[in-house]
Amino acid sequence: HGISVLIMDLDCIVFPIPPSSYTCVSHKEKLLFVPRANLVNDIHKFEPPYAEIDGNTHIPCFLFPHLPGSSKLIIYFHDNADDLGRAFHMLSLLEEKLHVHILAVEYSGYGVYPGDPSTDRIAEEALIVYDYAISVLNWLPKDIIVMGRGIGSGPASILAAKRTPGMLMLLSGFTSIKKVAEGMGFAFALLINDRFKNIHLMPKVKSPTLLIHGKKDSLISYIHSLELYAEIKAPKEVIVFDDMDHNNIEFVVHILEPMQKFIKKNISPADPEDPSRKLIFMPEEEFPIGYKEPKKPRWSCSIQCTSNNFILRIH
């Protein structure tokens, strides 16, 4: 039992939760709660059936709608030292420059999301959000791009292996958490439960996959991306930038331009002015009880789906 507790405690190092960079009030124009259970459309049944966990019934996300309309939706998973607030600027630029909608997922324990993070829960909620986009927003799998950075490459890879999105993009991805710890020379690496085994998932990914890494990355070696690349059977590309490390990333050169080129080559580019694929976000005054800052104004959203437009008002 002592060894088990030690292993569990060391796993917490994987998620060094930073202080929340946002509140339910500060970013309410973007904050959206995706129900853990399918509360809107009873026709589609999630597998497995998702229910309340730790008293939480919703998953906090940021929605960046491309107001002119777009045929593409990015589902984004952030790094372990980030939260949605810290990723805000990059995601805003992606929405604007790629002409896509973005739905970014928060992890339990991060930002305004109560609870403790775990790889199993993050993986489960990645599937919930994807299934929600398919069944409730009526988004086509071929028009969804799954993107993960750092630890976010874990849920992104699981999602791409268990579903079939239009594209997978991993930024500073890794083969497994244990291999990252070993590469950093941690003496306790052998005691860490090996989670997010991306290397075993790559052969199951059927979607075109883009891997981007920095040669100067001292946290996750670029060798991880090369090894992932070797296991992918779908159309693929790996780009290693000599001047990029884990945190110093030039948006246009290291992210935007490679994504634009890969999308153009492997999937249909986003229609930047598709009025039939608009996401209109309409926040209200209440939000689901139990999320951080209960003394501050609460708000929620609900959703209304029409034949052409999706007006989001999630309860």
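The model is predicted. Buried residues make up 55% of the 315 residues in the chain. Colour by secondary structure and you get eight helices and 11 strands.

**The sheet**

Select the strands of the open sheet. Eight of them line up as S1-S2-S4-S3-S5-S6-S7-S8, with mixed pairing. Go to the edges next. Strand S1 (31-35) and strand S8 (236-241) each have a single partner strand, so one side of each has no neighbour in the sheet.

Now zoom in on strand S3 (residues 73-77) and strand S5 (residues 144-149). They run parallel and are joined by five bridges. Pick Phe77; opposite this residue, in S5, stands Gly148.

**The cores**

Stay with H3 and show side chains. Which residues touch the most other members of the largest nonpolar core? Select Cys61, Ile75, Phe77, Val129, Leu168 and Phe196, out of 49 residues in that core. H3 supplies the largest share of this core, nine residues.

Centre on Val129. Leaving out residues up to four places away in sequence, Val129 touches Val34, Ile59, Cys61, Ile75, Leu103 and Val105.

Then move to a second, separate core. This one has 37 residues, including Met90, Leu91, Met147 and Ile255.

**Aromatic rings**

Switch to the rings. The whole structure holds five aromatic pairs. Take Tyr107 and Tyr110: their ring centres are 5.7 Å apart and their planes stand at 85°, so this pair is edge-to-face. Are these two tyrosines buried or exposed? Tyr107 is buried, at 1% relative accessibility. Tyr110 is buried too, at 0%.

Next, select Tyr22, Phe62, Phe64 and Phe88. These four form one aromatic cluster.

For a charge over a ring, go to Tyr229. Lys236 lies over its face, at 4.4 Å from the ring centre.

**An enclosed helix**

Select helix H4 (residues 153-162). Nine of its 10 residues are buried, so H4 is largely enclosed by the rest of the structure. The buried ones are Ser153, Gly154, Pro155, Ala156, Ser157, Ile158, Leu159, Ala160 and Ala161.

What covers the buried residues of H4? Show S3, H3, S5, strand S6 (167-171) and helix H6 (198-201), which are among the covering elements.

**Last stop: Thr209**

Finish in strand S7 (residues 209-214), where Thr209 lies. Thr209 is buried, with a relative accessible area of 0%. Show its surroundings, leaving aside neighbours within four places in sequence. Thr209 is in contact with Leu168, Ile232, Pro235, Lys236, Glu237 and Phe262. Two of these names came up earlier on the tour. Leu168 is one of the listed residues in the largest nonpolar core, and Lys236 is the residue over the face of Tyr229.

Technical notes. Residues are numbered from 1 along each chain as its sequence is written. This is a predicted model: local features need pLDDT of at least 70, side-chain atom pairs count only at pLDDT 80 or more; totals for chains, interfaces and linings use all residues. Side-chain values use heavy atoms; hydrogens and water are left out. Two strands pair if DSSP finds at least two bridges between them. Helices (H or I, at least four residues) and strands (E, at least two) are DSSP runs, numbered from the N terminus. A nonpolar core is a set of buried Ala, Val, Leu, Ile, Met, Phe, Trp, Tyr and Cys residues joined through side-chain atoms within 4.5 Å. Buried means under 20% relative accessible area, exposed over 50%, partly exposed in between (1.4 Å probe, protein chains only). Contact means heavy atoms within 4.5 Å. Rings of Phe, Tyr and Trp (its six-membered ring) pair if their centres lie within 6.5 Å; planes under 30 degrees apart count as stacked, over 60 as edge-to-face and the rest as tilted. A charge sits over a ring if NZ of Lys or CZ of Arg is within 6 Å of the ring centre and within 35 degrees of the ring normal.
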